[in-house]
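Thanks for coming, everyone. Please have a look at the structure on the screen, and then I'll walk you through it.

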Amino acid sequence: MIKVITINILFELDEWERRRELLVEGLKAEKPDLIGLQEVQLPEDTSAWLAERLEMPYVQLVPYQNNEIPGIPDYGAAILSRYPFIQQDILDLHSQGRFAQRVRVEINGQSITFCNGHYYWYPGASPERVKQIQRLRDWLGELPPEMPIVAVGDFNGTPKTRAIAHMKENYTSAYASHWGKEPEYTCPTPLSRRGWRRWLRQIILNWKANKTLKPWRGTLDYIFISSHWQVRDCRLILTQPAPFDRTLYPSDHFGLVADLAIAPEP
């Protein structure tokens, strides 16, 4: 059995010192083996502080390059692990300076590949995101067929978009497998309405994507698994605000956690 988590920790440093305590508290309670982090702020490297506090000494940090989105700071993604990396690789996704990352670890004698990514950002469906997912599938498809794979991240696409449908041709959503459907939403949390700048940004993005002022929310975060796995549990985490402030959440995304076991051979 292994436990994996994905969480977009939000690259904004406003209130980071308060948010990070909520992140550590929620993540530590799960005792994960592997975590995929998105939006690691650089050069501060917010993943390093989390790794130290979570006692997860093995870290693969991948900075993104040549960010094409105006107003967005330098950031990247990271994998945290309790187990040493046997192999590490990255994949250039060829747009928005983004990369996917993967590591191979051995847990209880079982070699597995864990992949993390933060895919093409655009409100709504995007052909560029579909291209990134195709590159991801081709890359993971180079692995030996007997290799169990877990691919997590902020895919920036809702369940009915082409990119997610494309991913599901080869992989299963752990949450949907366990519950029969995807969560109602993973983003945004009430943190996105904290302060007028965040609130205004949400209104502008929502109007651009959906031509409505009605607040948007949806599922963008997933844990995808190969056919080697059985899902014992999968649920949302980091869903509660600070006890002293009802709009201070760990991030603007909820996290996902899954307990996975290798399926018996037929």
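First, a term: two strands pair if DSSP finds at least two bridges between them. Helices (H or I, at least four residues) and strands (E, at least two) are DSSP runs, numbered from the N terminus. Now a word on the source. This is a predicted model, where local features need pLDDT of at least 70, side-chain atom pairs count only at pLDDT 80 or more, and totals for chains, interfaces and linings use all residues. Residues are numbered from 1 along each chain as its sequence is written, and side-chain values use heavy atoms, with hydrogens and water left out.

Let's start with the sheet. Six strands make an open sheet, ordered β5-β6-β7-β8-β10-β9, with mixed pairing. At the edges sit β5 (87–92) and β9 (172–173), each pairing on one side only. β5 pairs with strand β6 (residues 99–107) in the antiparallel sense, over six bridges. Take Gln87: its bridge partner in β6 is Arg104.

What lies across β5, β6, β7 and β8? Helix α3 (residues 127–140) does, running at about 150° to β5. That angle runs from 0 to 180 degrees between N-to-C directions, and axes are lines fitted to C-alpha atoms, for helices over the stretch in contact. Contact means heavy atoms within 4.5 Å.

Next, the rings. Rings of Phe, Tyr and Trp (its six-membered ring) pair if their centres lie within 6.5 Å; planes under 30 degrees apart are stacked, over 60 edge-to-face, the rest tilted. Searching the whole structure gives ten aromatic pairs. Take Phe155 and Phe224: ring centres 5.1 Å apart, planes at 85°, so this pair is edge-to-face. Phe155 is in the loop between β8 (149–154) and α4 (162–167), and Phe224 is in strand β10 (residues 221–225), so the pair ties together parts 69 residues apart in sequence.

Are these two buried or exposed? Buried means under 20% relative accessible area, exposed over 50%, partly exposed in between (1.4 Å probe, protein chains only). Phe155 is buried, at 0%. Phe224 is buried, also at 0%. Together with Tyr119 and Tyr222, they form one aromatic cluster.

Charges meet rings here too. The rule: NZ of Lys or CZ of Arg within 6 Å of the ring centre and within 35 degrees of the ring normal. Arg20 lies over the face of Trp49, 4.1 Å from the ring centre. Arg102 has its charged end over the ring of Trp139, 4.1 Å from the centre.

Last stop: helix α2 (residues 46–54). Its buried residues include Trp49 and Leu50. Among the elements covering them are α1 (16–30) and β2 (34–41).
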